[in-house]
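Okay, thanks for coming, everyone.

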Amino acid sequence: MLKAVKLPFIAFSALLILGALLNFGVNAYIQLMLLFVIINSILAMSLNLVNGYTGQFSLGHAGFMAIGAYVSAYASTQFSFFSESFGFVGIFLTTIAGGLLAAFAGFLVGLPSLRLKGDYLAIVTLGFGEIIRVALLNMEAVGGPRGISGIPSFPNFFFSFSYSCFWALICFFFIWRLIRSSHGRGFLSVREDEIAAEAMGINTTDMKVRAFVLSSFFAGVAGALFAHVTNYISPSSFTFLMSVNAVIMVVLGGMGSLSGSITAAIFITLMPEALRSLQDITGVDLRMVIYSLLLILIMILRPQGLFGDKEIPDIWRKYVRKSA
Amino acid sequence: MSANLLEVKNMTMQFGGLKAVDSLSFSIPQGQLAGLIGPNGAGKTTVFNMLTGVYRPTQGEILLGDKNVVGMRPYEINHLGLARTFQNIRLFKSLTVLQNVLIATHQHISYGLFDTILLSKKFQKQEAEMHNKALSLLKIFNLEKKADEIASSLPYGEQRKLEIVRAMATDPKLILLDEPAAGMNHSETHELMQTIAKIRRDFDLSILLIEHDMKLVMGICENITVIDHGVKIDEGPPQKIQNSEKVIQAYLGVEP
């Protein structure tokens, strides 16, 4: 038990120190970008569980994120169980509720549609994402196109950052350990060869649904974090483009690499922002052109993604230690 | 003789207008090493696919122990103690040799998701047991030194062996080998024959194998079923099959 929490605890402490430094060191704009990086990391890691490790192609991740965001936002604006000073307990509970409902949605969508493979599954999940968005657009109870505003948030950046990092670490260690267990190897076997996996006693349908449900849970959590960080959500926050962005992060980082997902989440989130200053020099908005070109270039040079299916420790062992 | 482990009654597989297997019946007693032979396209692999649940027979019964397995999913049949290898090797190619074997032992674990995440004692104990079991199985086939290599990087003969190890890791009572010696040379085939005989003794297995290498089939099988065009044409011990008029005709044709 002690061993299980040692590494996450060290990582969390380090991030807390980083958060405290960033709280005073940088301006609010950069702070917000950092929070988006963390949220996108959770999104990419969770999608990697389905697209990378289990080998199923899901294109509806924004839908699950929307469910988590709306549940958490609605619950925390409508009901206030806790006094102002204990607001974070409420946020914690609504985040979990958002994740659980997203996971339930993942179960409902996954059970019938995971019989499909490849492109067909992609179309079904794409359709699901759009259904969620359009449904929210037409639900007056959650504000319709106006969305939900005034979502309670944390008092300052430090708390937002710590809270987001807390979930990112849970997501990271959850998937990391899962993949190195028998359950995770079951996911991998589905990706490698479904017929052989079945013949070796793996219930492939069960494995796929599990991967889908777990992935949806963390997408829901990412959505809830998004809602509490931005204080405002609307259906247009969760468009098809968001799902595509998540897929780009997974593919760019490498299918089946958490290090890759995080690296790609940092890159994809910060790159368009970093290119903003370019407009001052050129006078025209070449941001998206350069961004797209960079993506194409990376995929030509590293078709398997930045990390392939390796993690940073693997690469460390292979290159750094060997040369020493 | 002891009770039949596998009993197939009037099994028929119809693909549209083609009867790939036509009311085939045979049985395998506990502990027997049986062979299934026949010319190309006779329907041998179709038989395997029906036994393992990949295809659902159009008619007939398959009794494994005393359970009718027709209509069960492949993994359920595997849990009942029937494992197989594939004619065209189907390893988990980009995983390591050890991972390939570990996946097959998944059905024996009882730790859950929370044990995994919290690295509980149960998780660590069972993982260690799985690893030991996988390594000891690999050792039988002299693959233990390659445990950390990627499966697709193994030479062809070793990939075939790994398929057998993987099937063994599910703790089967009956193991179906689909052309285990395909693509092997004489000495490799000879070594494989000895290994098959050894695992059968050590693990108290029953084996059904499809093979084109007659030396291997006649050398180790105790009972041979011959099918042609989906119909059983003969059955019996190797000496009988070697001299069977019908079998010779099926393989070589009839003199006009």
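Let me start with burial: a residue is buried if 20 or more other C-beta atoms lie within 10 Å of its own, exposed if 12 or fewer, and partly exposed in between, with C-beta atoms placed from the backbone. By that count B:Asp171 is partly exposed, because it has 17 C-beta neighbours inside 10 Å.

Some housekeeping. This is a predicted model, where local features need pLDDT of at least 70 and side-chain atom pairs count only at pLDDT 80 or more, while totals for chains, interfaces and linings use all residues. Residues are numbered from 1 along each chain as its sequence is written, and chains are lettered from A and ligands numbered from 1 in the order in which they are written.

Staying with B:Asp171, you'll find this residue in the loop between α6 (156-168) and β7 (174-178) of chain B. Its phi is near 55°, which is positive in a residue other than glycine. As background, most residues other than glycine have a negative phi. B:Asp204 also isn't a glycine and has a positive phi, about 55°. That one lies in the loop between α7 (186-203) and β8 (206-210) of chain B. Buried or exposed, B:Asp204? Exposed, with 10 other C-beta atoms within 10 Å.

Now chain B as a whole. I get 10 helices and 10 strands in chain B; these are DSSP runs numbered from the N terminus, helices being H or I of at least four residues and strands E of at least two. The radius of gyration of chain B is 19 Å, close to the 18 Å from the globule rule for 256 residues, so chain B is as compact as a globular protein of that length. That radius is taken over C-alpha atoms, and the rule is 2.2 Å times the number of residues to the power 0.38. Of the 256 residues in chain B, 41% are buried.

On to the sheets, where two strands pair if DSSP finds at least two bridges between them. Four strands of chain B make an open, antiparallel sheet in the order β2-β1-β4-β5. β2 (18-29) and β5 (67-68) sit at the edges with a single partner strand each, so one side of each has no neighbour in the sheet. Inside that order, β1 (residues 4-15) and β4 (residues 59-64) of chain B pair antiparallel over 5 bridges, and B:Val8 has B:Ile62 as its bridge partner in β4(B).

Elsewhere, what does β9 (residues 223-228) of chain B pair with in the parallel sense? That's β3 (residues 33-37) of chain B, over 4 bridges, with B:Ile37 opposite B:Val226. β9(B) also pairs antiparallel with β10 (residues 231-236) of chain B, over 5 bridges, and there B:Val226 stands opposite B:Asp234. The β9(B)–β10(B) hairpin has 2 residues between the strands, and B:His229 takes a positive phi near 50° in it.

Last, the interface. In contact here means C-beta atoms, placed from the backbone, within 7 Å, and 23 residues of chain A are in contact with 30 residues of chain B. On the chain A side, α7(A) brings the largest share, 7 residues.

How values were computed. Two residues are in contact if their C-beta atoms, placed from the backbone, lie within 7 Å.
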